Amino acid sequence: MLTRIEHDLIGDKEISDECYYGVQTARAAENFHITGVTLGSFPTFIESIAKVKKAAALANYELHLLSEAKKNAIVEACEQIISGKFHDQFVVDMIQGGAGTSTNMNANEVIANIGLESMGHPKGAYQFLHPNNDVNLSQSTNDAYPTALRVALYEKLGELSDSMRIIKDSFAKKASEFKDVIKMGRTQLQDAVPMSLEQEFRTYAVMIGEDIQRVNEARQLVREINMGATAIGTGINAHPDYAKTVEAKLQEVTGRPFVTAGDLVEATQDTGAYVQISGVLKRVATKMSKICNDLRLLSSGPRTGFGEINLPAMQPGSSIMPGKVNPVIPEVVNQVCFQVIGSDITVTMACEGGQLQLNVFEPVIAFNLFNSINMMRNAFETLAYTCVDGITANPERCKALVLNSIGLVTALNPFIGYENSTKVAKEALETHRSVYDIVLERALLAKDELEDIIKPENMIKPRNFGLSEKDKFEK
């Protein structure tokens, strides 16, 4: 195997000539055996780093800081990475010490060596195209890394919104399908008042729709970048016009509305946007987990539970109980939501742990935010396609529970009065008879009146009760 010798502050190191990364990447790969998950596991992040490096090269060329030949080599290398090539060369663990320096140098070295080959030079011939002097020109890890993170998060949050729309639409379509199914609503797991299955499922669609708005609002926070800040925000070693120039180039490269922060010292140390994003992810996960809890309850049984809906049977549910089928899709989504909620604590602590002019913990922030978004996207689409789209209702079961429920008396309250309603409810509880039968037996309402009151369309929406109805029980 052919090798080359590269040198850094620590000393010389032998590198396989098959590798496009260099000495600093190799040391980082040896130092950080943490998660086993490398940068290459997050393609959007790799591509975002390359977009930042491309924008920097274009800006440096425009400011006459970089030759055309070097600019072309860097841009071509970045375009190859953006197209999906060389991702296997991003070998550093996602969680690393050094505030992301290892990630930045992994990118600088890979881009430099791809560029060197395009210029007709061997890998490692950095006198012709240098990872630090050229690829990292006018930059620091402290502005390049967070900018790449924000570029990636902007894309990932957009993808999350798309996945949330899929599950929202699934619930909305199912709601329309269930518009004629009357059922019992419940509060505190006790019978409450009748509702329709459409209303129950429409609520889920509305809940998710509200959270899509929250995700899109959080997405706007990562539009603000700190390119040009260099080390701590003072812009040391950068051209006076670099920040605005690279802002325009990044907009051009990404097609996204990224803007330079008004105060680069503040932007370099402030990680509040990540706290906000993580909090929104926690909100989404919390509400989606609640929805999955509901689906498991509503489908419980099939004989001794609620049994109001049927989830698609996906796989056998037991190694010992024949015929048992479990709600495995809502269960796995619950677990994803638990993980996302836990990750929010990590992100919060990492953001709080920053000191003075820099937060060194952005690698663990990136790792958790990317993981959460990826898992949520997969979980929500799985929930839509393999569960919600296939849910069926048990209308007769739903109706029987309504007619047999003590809660039915609430719908009769405006017609027979609170005192009579209380007596009916008490007798129904003590005798295990239906409210329907007791009302007829006590002659509190005629059968046709009772039938009209308990029509589904009359129990699930507001109704104007005139004096004539009140007079019946007040006289």
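Close-up 1. At 71% relative accessibility, His-432 counts as exposed, where exposed means over 50% relative accessible area, buried under 20%, and partly exposed in between, computed with a 1.4 Å probe on protein chains only. The phi of His-432 is near 60°, a positive value in a residue other than glycine, and His-432 lies in the loop between α15 (418–431) and α16 (435–441); helices here are DSSP runs of H or I with at least four residues, strands are runs of E with at least two, and both are numbered from the N terminus. Thr-230 likewise has a positive phi, of about 50°, although it is not a glycine, but Thr-230 counts as buried, at 3% relative accessibility. The loop that holds Thr-230 runs between β5 and α8 (242–254). The model shown in every view is predicted, so local features need pLDDT of at least 70 and side-chain atom pairs count only at pLDDT 80 or more, while totals for chains, interfaces and linings use all residues. Residues are numbered from 1 along each chain as its sequence is written, and side-chain values use heavy atoms, with hydrogens and water left out.

**Close-up 2. The nonpolar cores.** A nonpolar core is a set of buried Ala, Val, Leu, Ile, Met, Phe, Trp, Tyr and Cys residues joined through side-chain atoms within 4.5 Å. The largest such core has 113 residues, and those with the most contacts inside it are Phe-45, Phe-171, Phe-201 and Leu-383. Helix α6 (residues 141–177) gives the most to this core, with 15 residues. When residues up to four places away in sequence are not counted, Phe-201 touches Phe-171, Lys-174, Ala-175, Phe-178, Leu-295, Ile-309 and Ile-391, a contact being a pair of heavy atoms within 4.5 Å.

**Close-up 3. Helix α3 and its packing.** Helix α3 (residues 68–82) has 15 residues and reaches 21 Å from its first C-alpha to its last, close to the 21 Å expected at 1.5 Å a residue, the expected span being 1.5 Å times one less than the number of residues. Buried residues in α3 are Lys-71, Ala-73, Ile-74, Val-75, Ala-77, Cys-78 and Ile-81, and the buried residues of this helix pack against α2 (43–62), α4 (101–118) and α5 (131–135). Just after α3, Gly-84 takes a positive phi of about 110°.

**Close-up 4. Cysteines without disulfides.** With a disulfide taken as a pair of cysteine sulfur atoms within 2.5 Å, the count comes to zero. The sulfur of Cys-78 is too far for a bond, because the closest cysteine sulfur, in Cys-19, is 19 Å away. Cys-78 is buried, with a relative accessible area of 0%. Cys-387 is in no disulfide either, and the nearest cysteine sulfur, that of Cys-292, is 7.4 Å away; Cys-387 is buried, with a relative accessible area of 1%.

Close-up 5. The largest pocket has a volume of about 430 Å³. On a 1 Å grid over the protein atoms alone, a pocket is an open set of points with protein on both sides within 12 Å along at least five of seven lines, a cavity is a set where a 1.4 Å probe fits but cannot get out, and lining residues have an atom within 4 Å of a point. Grid points are joined across faces, edges and corners, and a volume is the space filled by probe spheres set on the points. Of the 22 residues that line this pocket, the closest to its centre are Ser-299, Gly-301, Pro-302, Val-325 and Asn-326. The elements giving two or more residues to the lining are β7 (309–310) and α11 (328–352), and α11 gives the most, with three residues. The peptide bond from Gly-301 to Pro-302 is cis, with omega near 10°, and Pro-302 lies in the loop between α10 (272–298) and β7.

**Close-up 6. The largest cavity.** A search of the whole structure finds three cavities of 30 Å³ or more, and about 70 Å³ of space lies in the largest. Residues lining the largest cavity include Pro-146, Arg-150, Glu-224, Asp-270, Tyr-274 and Glu-362, and the elements that give two or more residues to this lining are α6, β5 (224–225) and α9 (264–269).
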